[in-house]
Amino acid sequence: MPRLLSSALALRRDPRILKIPPYLSLLCILVGAVWLFLLPLNEYSRRTYISENALLPGQVHTYFGGSDQNVLRAYKQEVNTLVGKSNVEINDKLESIVRGLGLKTARQKFMFHAAGRTFEGENLYAILQAPRGDATEAIVLVAAWENVKHEVNKNGVPLVLTLARYFKRWSLWSKDIIILLSPDSIAGPQAWVDAYHDAHDSSRVASLPIKSGALQGAIAIDYVQENRFKSVHIVYDGVNGQLPNLDLINSVVNIAGGQMGMGVALQEMWNHNDKYPDRLRTMLRGMLKQGLGLASGPHSSFIPYHVDAVTLQPFGEGWQDEMAMGRVVEGTFRSLNNLLEHLHQSFFFYLLMHRERFVSIGTYLPSAMLVAANFTIMAIFLWMKSGQPEIPAASTTESSDKDDAPTRTTERDLFLPLAIVALSGSLSAIPLYIFNHVPESALTPLFYLFLLINTLFPITLSLTITALFSPTLQQYHLVKSFSLLLLGMFLSSLATLNFSLAMLIGLLSAPLSFVKPSSSPVSRIVGFVLLNLTSPPAVLLASAAIWGLNVGDILREVAVAWHVTGTYSAVVVWCVWWPAWLAGCVCVLGRPGRDQEEEKKVKKT
């Protein structure tokens, strides 16, 4: 036993032990990335299944059709006459139609300010009271006048009106059905669902005159194409990467793909052959949308309130018509009507790679955790390295005596490193505020100005710190240690809420783990160039070029999402990633004073 303890102490004092963490950190990044690419394989993914037995999707016969098609055509003619008119005029006409069905109607005004623009309008909604219910639960059927691409929902609105008329004739409903007709797909549904849960700002969003019970689910219809369709596209991405219960998606897939014989697509993968490349592409598209955290349809506003919702979009050229789409909605509503409690049996955290293939959180989470762990490993490594004693100038002939002596550590000077890290975090409020509050016309020039400042500021900050404080190598190690510790802590916590955002930020921040201060000007320049290529503004600019978008358009969408739907992706980018990047640049450009001089003297002796 004493020999074992002495061996452990000797291993602890062995300087070679400190060479392991950088390689271990790199291994974590590589394994995390490879893990992600293994998920589409059959060995790591699973087939989807219905967990909630009460749903019984596809088990009932749907009757929507026949004479309802004539009613739909009449409503389409009414809707076509409203194209180009104001929101109030549209609501006046639609309200008269809905009231003619015998439903209670109400309106709600809202106004949001974002990117120098005002988003205002008026929601129209109606409540179909359940003959067999007590108004304690409700299901929502949504049709926005314009979809997220600002296309008029010419078939979706008439279909919802026809379904409302059809549902009114049935006495089987145990839950109220709310018909929501909003002027747009983002601000209108968000204002309505906020007010429904009394979480709205009364100065911008009006309260709802009438309400029903707890919302159990919502289906939005985005039907803009005029001709017959082939398949249904299910849009399920919510705000901040939140997802509906997987049972809802599986029910729609079962009803549309099984009972109705339609094709079902996810993530705009119109032709999916269920092979590895298509699975991987579907998964990565879902991760990208989840990481951005933007609303993808009217359904997105419901998910943060634990209301499972999806948007259905017909696509392709086939033989399916509006009646088939109505039967899909009817079958889904009949399934939700069977529920005795909120959907909870299935998964809320998952990655879909095919309509019948998914990966649960227990399988994919380790990849993001490994990437986040690499920052923590390097932070601990740098903390230990900062406490190493100065290299002695004496001869090593008395090594046996040193081995018996206890391990020594030097005192750490924490004030300057903590101040630099705190300064980096405080400065992050500047881009966060600017890009979320300036007018849309100023976003593009301000971005390019910030890109220039972002390149020059780390150089200026590093020269200033060097001139005023002459930081030692130990202090640079501590700056990097503290910044990486915070980055790893934030990303590991974020991974449980928004896996995709944590994974994306972790991979883009990976170079921060390996850059270090150097006495060589060439090494400093190469490290600084590498960090600038992976800085938040550079990544945003490259993304805009790849997608063929204007940087200002992306920043506008992010600003609108910040003010309207409460998307927090900008907070993660500017207040988590950017401060770590700035601290890393300070370390790369730093020129340690006393420690390097002493080490050079030691090497000469």
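This is a predicted model: local features need pLDDT of at least 70, side-chain atom pairs count only at pLDDT 80 or more; totals for chains, interfaces and linings use all residues.
## Ground rules

Local features here need pLDDT of at least 70 and side-chain atom pairs count only at pLDDT 80 or more, while totals for chains, interfaces and linings use all residues. Residues are numbered from 1 along each chain as its sequence is written, and side-chain values use heavy atoms, with hydrogens and water left out.

## The sheet and its helix

Three strands make an open, antiparallel sheet in the order β1-β11-β10. Because β1 (46-47) and β10 (350-354) sit at the edges with a single partner strand each, one side of each has no neighbour in the sheet. Strands (E, at least two residues) and helices (H or I, at least four) are DSSP runs numbered from the N terminus, and two strands pair if DSSP finds at least two bridges between them.

β10 pairs with β11 (residues 357-360) over four bridges, and tyrosine 350 faces serine 360 in β11. Helix α8 (residues 276-292) lies across β10 and β11.

## Two cavities

The whole structure holds two cavities of 30 Å³ or more. A cavity is a set of points on a 1 Å grid over the protein atoms alone where a 1.4 Å probe fits but cannot get out, and lining residues have an atom within 4 Å of a point. Volume is the space filled by probe spheres set on the points, which are joined across faces, edges and corners.

The largest cavity has about 60 Å³ of space. α8 gives the largest share of its lining, four residues, and Tyr350, Leu351 and Leu352 are among the other lining residues.

Terms used: Contact means heavy atoms within 4.5 Å. Axes are lines fitted to C-alpha atoms, for helices over the stretch in contact, and angles run from 0 to 180 degrees between N-to-C directions. On a 1 Å grid over the protein atoms alone, a cavity is a set of points where a 1.4 Å probe fits but cannot get out, and a pocket is an open set with protein on both sides within 12 Å along at least five of seven lines; lining residues have an atom within 4 Å of a point.
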